[in-house]
Structure formats: C-alpha cells, structure tokens
Amino acid sequence: MNKNKTVLEALNWASSFLTGHGRDANAARILMQHLYDTDYTGLMMRIHEKMPEQKWKAFRQMAEEHAKGKPVQYITGKEEFYGRTFHVDESVLIPRPETEELIVGAIARMKRIFGENKEVKIADIGTGSGIIAITMKLEWPNAKVTATDISEAALETAKRNARSLKADIDFRLGDLTDPIAGEKWDVILSNPPYIAYEEAGEMSDVVLDYEPHLALFAEEDGLQFYRRMAESLPDLLNRPALIGVEIGYRQGEAVADLFRSRFPDAQIEIVKDINQKNRFVFCIIDV
C-alpha cells in the first residue's frame, strides 16, 4: 500500500521522472488535474492530501505513458482552443494555439468584407477535431458552416465536439473540396497537411509516433493540398469571398503564388505569427 504519498509528493516524483525522460515537468500538474477532475486552484487545495492507492497507480501509469512519448492531450482526451475544451484522440491532430490566430484573422477580414455577423456560408476543409468549423460557428452565429474530412474517424471526433459545444455544423466525408463541389461559398478556411516528408527528421518523436500522418504530411514539398485547393476554388466561390489557410513557415510565397495564379486580381496577404514566422495566407477576392 502507498499510505503516505501525498499529492505534492506524487507531483514532485512525476516532475523529476518526466524531466529525466526529456519531457516537460509541467505535464505532471496537468495529469494530476485530470485525475482529480479539477483546475489549478482545486488541485492546490488538495496538495497535502494523501492519495488513495488506486489514484496513485493511475497517476503513475499516465506519467509513464507520457515519458514514453504519448502526448498529454491524448492521455487526458482533451485540449483547450479559443477558450473552449475540445475532445481529442489519436484520430486527429492536437489543436495548436497558433491556429487561434487563423480564426482571429478570418473574423477581422469577414467584418470588413461582409459586415458584422452577416449570414455567410463557410467551409472548413480538412476539419480534423472540428476546432475551426466549430469556433467559427460559435463566434459568427449567423454563419452556415460545413466541415469536410477524408477521415471518417476524425469526423466522428469532430461531431462529438460539435455536440458537446452545441454547434450546428454540416459534416461531410470526402477528399478536400470534393464534398462541397457544386455549391457556392463565401469563406473557405483550412489547416491542411503541409509538412514535407523530407522534414520528418526535424520533428519530435511525440508528434511522429502518435499524431496521424494523414493530417501532417503532404507531397510536393508540402504544397500538394494548397495546389489542389487553388485549382478547385475558383468555381466554388461567391464574389466577394475570403480564403484563409494555415501554412508552414517556409511556404508563404509558394502558397501565395498558387492562389495568385488562380485569382490574379485578389488581395493576397502573408501573415506572420507572434514569433514573426510566416503562418497564414489570406486571399480576399473581388472586394
């Protein structure tokens, strides 16, 4: 029996254990908060409590899983995005905070193009966990939002998130823009696979071993999906329209050129993130 170990002692053990395996010590606190289903304040109120043996074993198992490389988000089954909690599992990429800036940038441009909260049709291409589609619907309630993905498992995860967050989304299974063909759209957003296979050696084992490669990698130096979208979108857009995509930091000019070739009169912006790296391309058409 482990009668004497307190929450604090367990946290200290896990922090040292994870650090020794090259992981972030802060993961110990996140795992403990998940175990006790509480926030930071609630955890601090328990800090000197003795842990039941069952909880200690569960905590140790989670710490060992993370030490081997499993992301904390896949262990806890959740991640925060735009102030909301999303379910995540190994069928989808873990939401990154940088993608919140795609939402912010899209909303700012939509207000200029369409006016405040006008009814617009938005398509999120390659939705994954649904973070873009769901956030856009909740932030722009008058939007009619459709989300596509080639992965049926990813769509099930996105549907679960839409239900829990009470977002009315039209989910469609299929490759890129195929599920939205034959219709006209006001806004197209996407965070597609954009990592070149040659760049795999630069990535951490946590990402490579656990996150879905289908959502990470693309042919043509990571540009394949941007090219395919650029080719298909001219027939799918109303006028005016907005395209917004997340990109790799080396891809700004290449992606901008792909859209410029199909929309020669568009206003095209390469936007940097807070770290001054190229992260987004926005294309405003016929304003």
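# Reading a predicted fold

Modeller: Let us begin with a network of salt bridges that links Lys-121, Asp-170, Arg-172 and Glu-183. A salt bridge is counted where a side-chain nitrogen of Lys or Arg lies within 4 Å of a carboxyl oxygen of Asp or Glu. The model is predicted, so local features need pLDDT of at least 70 and side-chain atom pairs count only at pLDDT 80 or more, whereas totals for chains, interfaces and linings use all residues. Residues are numbered from 1 along each chain as its sequence is written, and side-chain values use heavy atoms, with hydrogens and water left out.

Colleague: How many salt bridges does this rule give?

Modeller: The count comes to 15 salt bridges. One of them pairs Glu-183 with Lys-121, whose closest N and O atoms are 3.2 Å apart. Glu-183 lies in the loop between strand S5 (169–173) and strand S6 (185–190) and Lys-121 in strand S3, so the pair ties together parts that are 62 residues apart in sequence. Helices (H or I, at least four residues) and strands (E, at least two) are DSSP runs, numbered from the N terminus.

Colleague: Is Lys-121 buried, exposed or partly exposed?

Modeller: The general idea is a scale of relative accessible area: buried means under 20%, exposed over 50%, and partly exposed in between, with a 1.4 Å probe and protein chains only. Lys-121 is partly exposed, at a relative accessible area of 25%, and Glu-183 is also partly exposed, with 25% relative accessibility.

Colleague: With which residue does Glu-119 form a salt bridge?

Modeller: Its partner is Lys-144, and the closest N and O atoms of the pair are 3.6 Å apart. Glu-119 sits in the loop between helix H6 (99–114) and strand S3 (121–125), and Lys-144 in strand S4 (residues 144–149), so that distant parts of the chain, 25 residues apart, are linked. Glu-119 is exposed, its relative accessible area being 52%.

Colleague: How far apart are the closest N and O atoms of Glu-231 and Arg-227?

Modeller: They are 3.1 Å apart, in another salt bridge. Because the two residues are four apart in helix H10 (residues 224–232), about one helical turn separates them. Glu-231 is partly exposed at 37%, and Arg-227 is partly exposed at 26%.

Colleague: Which residues of H4 are buried?

Modeller: They are Trp-56, Phe-59, Met-62, Ala-63, His-66 and Ala-67. These residues cover an arc of only 140° around the axis, which puts them on the same side of H4; the arc is that of the directions from the helix axis to the C-beta atoms. Their cover includes helix H1 (7–20), helix H2 (27–36) and helix H5 (72–76).

Colleague: What length does H4 reach from its first C-alpha to its last?

Modeller: The expected span of a helix is 1.5 Å times one less than its number of residues. H4 (residues 53–67) has 15 residues and reaches 21 Å, close to the 21 Å expected. Just after H4, Gly-69 takes a positive phi of about 125°.

Colleague: Which residues is Thr-157 in contact with, leaving aside its neighbours within four places in sequence?

Modeller: Contact means heavy atoms within 4.5 Å. Thr-157, in helix H8 (residues 152–165), is in contact with His-87, Asp-89, Ser-91, Val-92 and Ser-129. Thr-157 is buried, with a relative accessible area of 4%. Its side chain makes a polar contact with the side chain of Ser-91 (3.0 Å). A polar contact is a pair of N or O atoms within 3.5 Å; within protein, one must be able to donate a hydrogen and the other to accept it, and residues adjacent in sequence count only if both atoms are side-chain atoms.

Colleague: What does the secondary structure of the protein come to?

Modeller: It comes to eleven helices and eleven strands. Of the 287 residues, 52% count as buried.
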